[in-house]
Amino acid sequence: MDNLLYVAMSHQSAMQRRMDVVSNNIANMNTTGFRGERVTFRHHLEELEGDGPKGMTNVNFTLDYGILRNLEQGSFMPTNNPLDVALEGSGFLTIENDLGETLYTRSGHLRINAESELILASGQRVLDENGNPITIDPEDTNIKITKDGRIFSDLGEIARLGLAAFNDEQNMERLGAAIYRTDEPPKDPQDLNVLQGSLEGSNVNSISEITEMINVMRSYQSVQRQMDSVQELRDRSIDRLARVG
Amino acid sequence: MKALSTAATGMQAQQLNVEVISNNIANMNTTAFKRRRAEFQDLLYQTVQRVGANSSDAGTTVPSGIQVGLGVRASGIYRITDQGSLENTGNQFDLAINGPGFFRIQLPDGSDGFTRAGSFQVDQDGQLVTPEGYQVQPGINIPPEAIDVTINQQGEVQVQLEGQVAPQVVGQLELAIFANEAGLEAVGQNLLLETQASGPANIAIPDTEGYGQVLQGFVEGSNVNAVSEITNLITAQRAYELNSRVIQTADEMLNATNQLR
C-alpha cells in the first residue's frame, strides 16, 4: 500500500511542476520574443517490494525529463518605432550583459542609452557582427535597418547587427524572460530577416494553455480522489483490525 | 477526454478564420487587394471498428464501422481573384487592369515583382515607377517637356510634345499572366512574387487573347465585400463560442467523474 501513496505523490508533484510551467507561459503571453515551454516526463522504475500481481515486477514513478521549448515564430506587432526590430526565421541577436557575458535574445526592443550605445530595453548592450557594442550618435538621424541587419543613418552605414544561429536551440539556457545563454559557438543564420518597426510577440497560444491547465487540474483532482480512497481504506483497516474485544 | 482537445482545435481554427477576415477588412480600401478565404478540413479519425470488417464467420461485414473524428485543421488560405470595381480618379498615371494580368515591377534586388495596383508616378528621371520608387518594366521614360500623356487600352504610352501635331510613342506596357495565379507569394507593398507553384510568367501586350486591358485614369479597388466579411465574422465568432462551450462541458464532465465515490 505504501507504493500507492508514493506513486500518487510523484504524480502530484509532477502535475505541480507542469502547472508552474503553464502559469509561466500565461504570465509571459505578452512578453516580446518569449517562447512557450512544456515539461516532459518519463517514468522511473522501482523494484516492487512485497507481493504483486503475477508478471508485475516494477512500479512506475513519474519523473521530470526536461523542458521542451516551442520554437514556432511569434506573431508580428507593428509599432512604427524605428528602433524596434523583429526577427523572422531562426536566429538570435547577440547581446552583452554588465559582466561581459555574451548572451542571445529574440526580443528586439532596442533603445539608445546615455553613452550613445545601442541597448535592449532591459539594459544589455547589443553587439555587432565583430562582437563590439554599436554606437549611434545624436547626429545619426533617420535610422534604417535592412533585412540582413545593417544599420544605416543619414550619414551612412553605422554597423551590422550580430546575428547568430544555433543547431541545438532546445538546450539553450533561459535567463529571464527572453534571454538565452549557450556554450555552442554561433554560426551564420541561413534564413533570418530583420524587420524594422515591428516586434515579435510571444508564441504562447492561450487556447492551448487553458486546455493544458484544465487537463492538469483534472488529472491532479482524480489522483487526489485516489489518495483519499487509499486513506479511507487505511483508516478502516486500522480501525477494524486494531479493535480488541 | 478527447472532446477537450477536439474543441481546442476548433477554437484555433476559428481564431485563424477571424485573422483572415480581419486582414480582409483592414485592406478594404487597398488598391487592387484580393480578399482571402481560409479553407478547413477534418483532421484525423481514430478507428474503433474498421468499416467493412468481418462481423461473423458467415462473411457478413460491418456496414459503417466506428470512427471518431479528432478535430479540424486549416488546409489553405487562398486568394479570390475576381475583378475589383473600377474607380475613376482622372490621374494620368493611374492605371487599372480590366481582366486578367499583372504589371511587372523591378524590385531593388533585381528580381521581378508583380502587382495589379497601378497607381504609378514619374520619378526625377522621368521613369514610370510605383509609389515605392520601383521601376515598372519594361522601362517607360516620359520626357519632361511632354504636355500630355495618353495610355491606350493596349498599353501603348503616347506623349504629346509642344509644336507637334501627332503624339509620339515612348513605350509599351506589358502584362504577365500565370498558370496558377493563386500560387503567387504575397510579400506586402501590394507586390506578389513568382513561385514554383504559380508557374512562369507569360508576358504579352495588354488586350490580346487572355490578357486584360489597361485603363488610364482608373484604379481597381479591392474586391472585399463588407457585408459578406461581417457575416463570416459573426459565424466565426459563434463557432468559437460553441467550441468554448464544449470545453467547459468536457471540464464539468471530468469534474463529475472525479466526484464519484
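## Salt bridges

A salt bridge is counted here when a side-chain nitrogen of Lys or Arg lies within 4 Å of a carboxyl oxygen of Asp or Glu. The model is a predicted one, in which local features need pLDDT of at least 70 and side-chain atom pairs count only at pLDDT 80 or more, while totals for chains, interfaces and linings use all residues; side-chain values use heavy atoms, with hydrogens and water left out. Residues are numbered from 1 along each chain as its sequence is written, and chains are lettered from A, and ligands numbered from 1, in the order in which they are written.

By the salt-bridge rule, the count over all chains comes to 26. One of these bridges joins the side chains of B:Glu174 and B:Arg104, at 3.4 Å from N to O. B:Glu174 lies in the loop between β15 (168–172) and β16 (175–177) of chain B, and B:Arg104 lies in strand β7 (residues 102–106) of chain B, so the pair ties together parts that are 70 residues apart in sequence; helices (H or I, at least four residues) and strands (E, at least two) are DSSP runs, numbered from the N terminus. B:Glu174 counts as partly exposed at 22% relative accessibility, whereas B:Arg104, at 16%, counts as buried (buried means under 20% relative accessible area, exposed over 50%, and partly exposed in between, with a 1.4 Å probe and protein chains only).

## Further charged pairs

In chain B, the side chains of B:Glu39 and B:Arg37 also meet in a salt bridge, at 2.6 Å from N to O. B:Glu39 is partly exposed, with a relative accessible area of 30%, and B:Arg37 is likewise partly exposed, at 38%.

In chain A, a salt bridge of 3.4 Å, N to O, links the side chains of A:Asp239 and A:Arg243. Here A:Asp239 is partly exposed at 45%, while A:Arg243 is exposed at 54%.

## Helix packing

Helix α1 (residues 2–26) of chain B packs against α2(B) at an angle of about 160°, with the two axes 9 Å apart; axes are lines fitted to C-alpha atoms, for helices over the stretch in contact, and angles run from 0 to 180 degrees between N-to-C directions. The two helices are therefore roughly antiparallel (angles over 145 degrees count as roughly antiparallel, under 35 as roughly parallel, 65 to 115 as roughly perpendicular, and the rest as oblique).

In chain A, helix α1 (residues 2–27) and helix α2 (residues 206–241) pack at an angle of about 160°, with their axes 9 Å apart, which makes α1(A) roughly antiparallel to α2(A).

Within helix α2 of chain B is B:Ser244, a partly exposed residue with a relative accessible area of 25%. The C-alpha atoms of B:Ser244 and B:Ala8 are separated by 7.8 Å, although the two residues are 236 apart along the chain.

## Backbone details in the loops

The peptide bond from B:Gln137 to B:Pro138 is cis, with omega near -15°, and B:Pro138 lies in the loop between β12 (135–137) and β13 (146–151) of chain B.

A:Asn80 has a positive phi of about 60° although it is not a glycine; A:Asn80 is placed in the loop between β3 (76–78) and β4 (85–88) of chain A, and is exposed, with a relative accessible area of 71%. B:Ala32, another residue other than glycine, has a positive phi near 60°. B:Ala32 lies in the loop between α1 and β1 (36–42) of chain B, and counts as buried at 12% relative accessibility.
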